[in-house]
Amino acid sequence: MSKVIKLHFDPSQPHQLRAVECTAQLLEGLPQFDSALYKKALSESGQLGLQNDVVGNIPPAYQLDEDWLLDNLNAVRRGQRDWLEPAQLIQETMTLDVDDGDLLDVPGVEGEAHRYPVFTVEMETGTGKTYVYLRTIQELRKQYGLRKFIIVVPSVAIYEGVVKSFDTMREHFKGLYSNEVTHLIQYDSGQISQLRDFATSDKVEVLLMTVDSFNKASNNVYKATEKLQGEWKPYRYIQAVRPVLILDESQNYQSKRARQALRTLKPLLAINYSATPGKRENLFYRLGPLEAFQQGLVKKIEVVGVTEQYQYNNEQFSFSFVSAGRRTGVGPEVEADVTSLIKGQPTRVVLRFKKGDDLFDKTGNPAYKGLIIDEVSQTTGVLLFSNGDQVNVRDHGNAQEKEDIFRTQIEETIKHHFDKQKALLASGIKVLSLFFIDRVDNYVATDGLIRRLFDEAFEKLKKDYPYWKGWKAEEVREAYFAKRKAARGQAEQFVDTAIEVEEKTKADQEAEKAAYELIMKGKERLLNLDEKVAFIFAHSALKEGWDNPNVFQICTLNQTTSEAKKRQEIGRGLRLAVDQSGQRVMSEQVNVLTVVANESYERFADALQKEYTEAGQLAPPKPTNARRYAAKRNERVYKSKAFRAFWDKLMQQAEYEILVEPEAVVEACVAKLNAEQFPEPHIVVTRGEFVMSTISVELMQVSAGLAKLDVSISNTAGESRSSTQWFRTGDELARKLNEPRLKGYKLVAIEGEGNEARVLFGDKGELAVGQQHQFQVREENRNTPSTRLEAQATHPVFNLIDRAAQETKLTRRTIRTIFERMHPDKKQWVFRNPEGFSGVFVRTIRDLLADHIAERVQYHLKKEKQDADLEAMFPPEKKYAQKELIEGSDASMYDWVQVDSDVEKHFVQLRLNGDGKVKGYLKFPAGFKINMPKIIQDYNPDWGVLREDEQKPEVLMELVRETKGTTQIENLQWGHEKRKIKLAKKYFAALGIDYRTVDDKVVRWWEKG
């Protein structure tokens, strides 16, 4: 049996750390709640009851001050200026989003309403969302003592995925958080006593629940039971701890019932996590698809399109159903991809057809003469023509054509798989392919079409690939389908896991859970090269909740057009690959996901882009076409003596020497720490009143292209105000009137004059003259004075010196000296807020130490050369999936050049390609790294250039250039970028190579800086 690969997790990925740190900063200043002291006080005061055993996050009556939370939220958003461009910043708001309303209408549930804040983290699929929220749990425990969390998931698939992730990451987090014990309770309605354990434990407890387990009156969580002593029903134990909710795939909890169910848990707060979170309540961290692709955090995407086409009278056209035409009152319609004659030229177009339409009249194509649609039946899936011919729309043609399509898709997938495994075998990377099918019978039946086609294709294609010759098709494929328990003597039955939850029987749900457990348990085993299974067949339900870092091909074998989102499908293969040691592989050439789609490349790419746009996100670049030509190496440059001499010089080894001056580090750290503001613990008591406001927007008149609007606001406290102003197209009422509650009222058009005039708003419809929009909102934080009581209690201090020494790699003596020299007023904060103090203390020392090292590192040449395979660095062909390519020149190493920004694009086009004195240039491959101290991390430069010396044309200057948006190093956003460039200057100086940072505006870029 093959061994299981143990996945390793990098604890220092910036995008994940920022998400965790931003979440923790939302509660900046929250004092740690000591449940032991609280219970002791209850006991001494004679207040007996079940609550004495409960270990909650905060005292039962405690409320988070919403003004304070809003201040923290906006502070977090402002703090992101350090790493985000202005256009990417999340705008500050004047109000805090809260969920406020009724609980579930369940007999016996106490309380009529609950109010709690909801925050949102948006992270693209494949970037480690589960890792982030599991680590956030640890961080909130560490900084604020919060111990009770509930992870809510929408499906069994995601439930099992979280269980697997928690188990896989357990040891990783224990190493990061001082062996803190964290329990995961997998909620089971048949073991309801789990809830008492959850409520009374003094450990960190994480309760994992599907939303279906508490969203209706029939759930056991709302029923009295003998398994729990006392008067409390099970749900009361959850309410008593005031849990923090982690809402995974939060777009699934927008319905009225889902919101009521979440309120019934009476959470302290909730955090949404999703790639498409829906409402984006109090959004404070966003890592969209564009940023994920740009930063190399996910695989790039390429597409092989296999177009479904129906042959008819030697002219190709394909039909698919569209929704019934409710607006026109006609019956079902179909879309057809047909050949139409436009200006006498045959052109492929997509047209809509309904009963009675004449294909010749609509296309002008004489090949379609006499084809009049007599019937369109969405029930039977048949399109009937007046001449008696018919098309089975649902099957996209006859069975033979469907078989040909499936065969083509399967063969394309296997060929890409074989080629990919051949390329990655030496790197110890196991390649997996995932097939989505929507009919289980196409695989499991005795004559299963998909299984037969795969076996035939595998046996045919393996002959050209020695690695696969000794394996049989049945050894390398595996299917994961939900199975019902079969009665004795009966054949196995497979469950359609795509059916709605309400329709699933208990047996269906158990079968589904068993299938997911099988998938999850085999996840790491599949990564081993000794494991023969490499081709995975799964039903539609695998489109969420399961992924594997080494899925390199996804094939969509759908009998009908898939209703699943393309983002869901590709999400199963977006994670970066891992090797046999379980380490993440960062190479861009390795991390390419190939989608073999049952539609054209263009249609797939356009639909994927549309999904990103509809989700309100900046889309990544279009997927590349897998069938386009690769970039070809320029043999003249590659084999030239000048390049080989340049490369030989680059291969010289240079070792660094760190000249640390401990006293200087100590002085800098002490000065900075004495100026720092440490988190201040306090207790917030709030009081408030309930005030409803009525807001109306009325169009008074339109004149000269301007609209006169009257906006009035009145509330139940007896206050009212109004404003009548002229507005022009493009004005936003929320901004012009400084009133966030008018968000969405943007004038996109002003039309007409007099009584016929109207205005069109972006999200709020339109208004005619004399009409008004009116709505009601509850005023946020109105007249809610807050009292901040200083927390006088001191807390036990952990070994701060050991922790700081471990994280900074400085000696304990140096750390102790820094602490001892701090001002006494600053040092006392370690007793009032130990974890908050520690965070500032360690972060400050680490940053200053990295700056200190960058200033003092020296490089020295060694006699040895680096061991690098030149052919591997610069292969004859390269595929640059997803990244933008621009045309090279006679001097470029490849005929197409990869660029990562507009600055690089302009530098290549204006400076390198346009300079006749440039005799050779290259983009350094990702595998070319300069060794730097671990606290700074290794560095990959941008450009290597050979250019004629203007004074001595026979001499070629050997140049290394880094392209940035500025030539002023200190103006760079990222501290680690500044440090790397400072060290790179020293490194290349030691090699005798001229190095400089330039932008695309520097004309004499070849001169020394």
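This is a predicted model: local features need pLDDT of at least 70, side-chain atom pairs count only at pLDDT 80 or more; totals for chains, interfaces and linings use all residues.
Local features here need pLDDT of at least 70 and side-chain atom pairs count only at pLDDT 80 or more, while totals for chains, interfaces and linings use all residues. Residues are numbered from 1 along each chain as its sequence is written, and side-chain values use heavy atoms, with hydrogens and water left out.

**View 1. Helix α1 packing on helix α4.** Helix α1 spans residues 14–25 and helix α4 residues 129–144; their axes sit 9 Å apart at an angle of about 40°. (Axes are lines fitted to C-alpha atoms, for helices over the stretch in contact, with angles running from 0 to 180 degrees between N-to-C directions.) The pair is therefore oblique, the label left over once angles under 35 degrees (roughly parallel), over 145 (roughly antiparallel) and 65 to 115 (roughly perpendicular) are taken out. Contact, meaning heavy atoms within 4.5 Å, involves Q16, L17, A19, V20, T23 and A24 from α1, and Y131, V132, R135, T136, E139, L140, Q143 and Y144 from α4.

**View 2. K266, with a positive phi.** K266 isn't a glycine, yet its phi is near 50°. Look for K266 in the loop between α8 (256–264) and β7 (269–274); helices (H or I, at least four residues) and strands (E, at least two) are DSSP runs, numbered from the N terminus. With 22% relative accessibility, K266 counts as partly exposed (buried is under 20% relative accessible area, exposed over 50%, partly exposed in between, using a 1.4 Å probe and protein chains only).

**View 3. A704, also with a positive phi.** Phi of A704, another non-glycine residue, is near 55°. A704 lies in the loop joining β28 (692–703) and β29 (706–715), and its 68% relative accessibility makes A704 exposed.
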